[in-house]
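Here's a quick tour of a two-chain model, written for someone who likes to know how each number was defined.

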Amino acid sequence: KAGVTQTPRYLIKTRGQQVTLSCSPISGHRSVSWYQQTPGQGLQFLFEYFSETQRNKGNFPGRFSGRQFSNSRSEMNVSTLELGDSALYLCASSAGHGAGYTFGSGTRLTVV
Amino acid sequence: DQQVKQNSPSLSVQEGRISILNCDYTNSMFDYFLWYKKYPAEGPTFLISISSIKDKNEDGRFTVFLNKSAKHLSLHIVPSQPGDSAVYFCAAWGDSGNTPLVFGKGTRLSVIA
C-alpha cells in the first residue's frame, strides 16, 4: 500500500514569505502529525490532527499552523518565514497507539 | 525540558561487533517506547518497539531492553553491519497514544568495515 506522501520534496523561500506543505497519509490512517528536524535538535513536535481536529500542539509560534481535511490529507503553513525556519519538515501518520508512526520523506525547506 | 534524552550524539562500532544505543526518559507516564532509524534525505523508519509491561523485545539482530526503575532503554544491534550506519532516534508515548510521540535528539551510528 502507498506510504506517506509529502510534497514538495524541496523548497527555497525568501524571508518574510509564507509556505504551505502538504501531506497525504496512509489510507485509513486518521492521525497526522508534523515534526521539524534541525541539526542537533532531533525531531520537534509541531502539531497532530485527528479526524480534522487539532489534538495536540507543540511549542512553536503562531506563525506555524496546520489543518486536516475530511480525506485525512493535511497541510501545514508557515507565515512570515525566518532564516531559522530552515529545516526538514516531516509528516507522519498513525493507525493508533502501538502502531507507531509511519513517516514521509519530508520537505526540505530552505529560507534565504 | 527534554523528556527523552540520547546523551551520545555519535557512536562508532566495528562491523560484526555489538552496537549499544542508550536512551533515558524522565516522564513516568510513558508506556510505549520505539526506536526509529533515519538515513539522510529520508524520513525515519520504524525499527522496534517495547511496551512498558515488558523488559525485552527482540527482532532479528535488534533487541530493545527496558529498565523502568531506571527510566532507561537501550537498543542492541548484533552483529553490526555497515548498512546499519544511520541516525537512531528513541521515542516515547504516553497516555495510551493521546499525547504526541516524543523523540530524543538521535545518535549517529557509524559501522566501520
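## The second largest pocket

The second largest pocket comes in at about 460 Å³. Here a pocket is an open set of points on a 1 Å grid over the protein atoms alone where a 1.4 Å probe fits, with protein on both sides within 12 Å along at least five of seven lines; lining residues have an atom within 4 Å of a point. Grid points are joined across faces, edges and corners, and the volume is the space filled by probe spheres set on those points. Of the 25 lining residues, the closest to the centre are A:Gln37, A:Gly40, B:Val87, B:Phe89 and B:Arg108.

As for elements, S4 of chain A plus strands S9 (86-94) and S11 (107-112) of chain B each supply at least two lining residues; strands are DSSP runs of E, at least two residues long, numbered from the N terminus. S9(B) has the largest share, with three residues. By class the lining splits into nine nonpolar, 11 polar and five charged residues, where Ala, Val, Leu, Ile, Met, Phe, Trp, Tyr, Cys and Pro count as nonpolar, Asp, Glu, Lys and Arg as charged, and the others, Gly among them, as polar.

## Ground rules

This is a predicted model: local features need pLDDT of at least 70, side-chain atom pairs count only at pLDDT 80 or more, and totals for chains, interfaces and linings use all residues. Residues are numbered from 1 along each chain as its sequence is written, chains are lettered from A and ligands numbered from 1 in the order in which they are written, and side-chain values use heavy atoms, leaving out hydrogens and water.

## The largest pocket

The largest pocket holds about 590 Å³ of space. Its lining has 25 residues, and those closest to the centre are A:Phe45, A:Asn59, B:Asp1, B:Gln3 and B:Val102. S5 of chain A and strand S10 (102-103) of chain B are the elements giving two or more residues to this lining, and S5(A) gives the most, with four.

## Where the chains meet

In the interface, 21 residues of chain A are in contact (heavy atoms within 4.5 Å) with 20 residues of chain B. The two chains bury about 1,700 Å² between them, 60% of it on carbon and sulfur atoms; that is the accessible area (1.4 Å probe) the two parts lose on being put together, summed over both. On the chain A side, the elements giving two or more residues are strands S4 (31-38), S5 (42-50), S6 (53-57) and S9 (87-94). That side has seven nonpolar, 12 polar and two charged residues.

How many salt bridges cross the interface? The rule, a side-chain nitrogen of Lys or Arg within 4 Å of a carboxyl oxygen of Asp or Glu, finds zero.

The peptide bond from A:Thr7 to A:Pro8 is cis, with omega near -10 degrees, and A:Pro8 sits in the loop between strands S1 (5-7) and S2 (10-13) of chain A. Another cis bond joins B:Val78 and B:Pro79, with omega about -15 degrees; B:Pro79 is in the loop between strand S8 (72-77) and S9 of chain B.

Then there's A:Ser51, a non-glycine residue with a positive phi, near 50 degrees. You'll find A:Ser51 in the loop between S5 and S6 of chain A.
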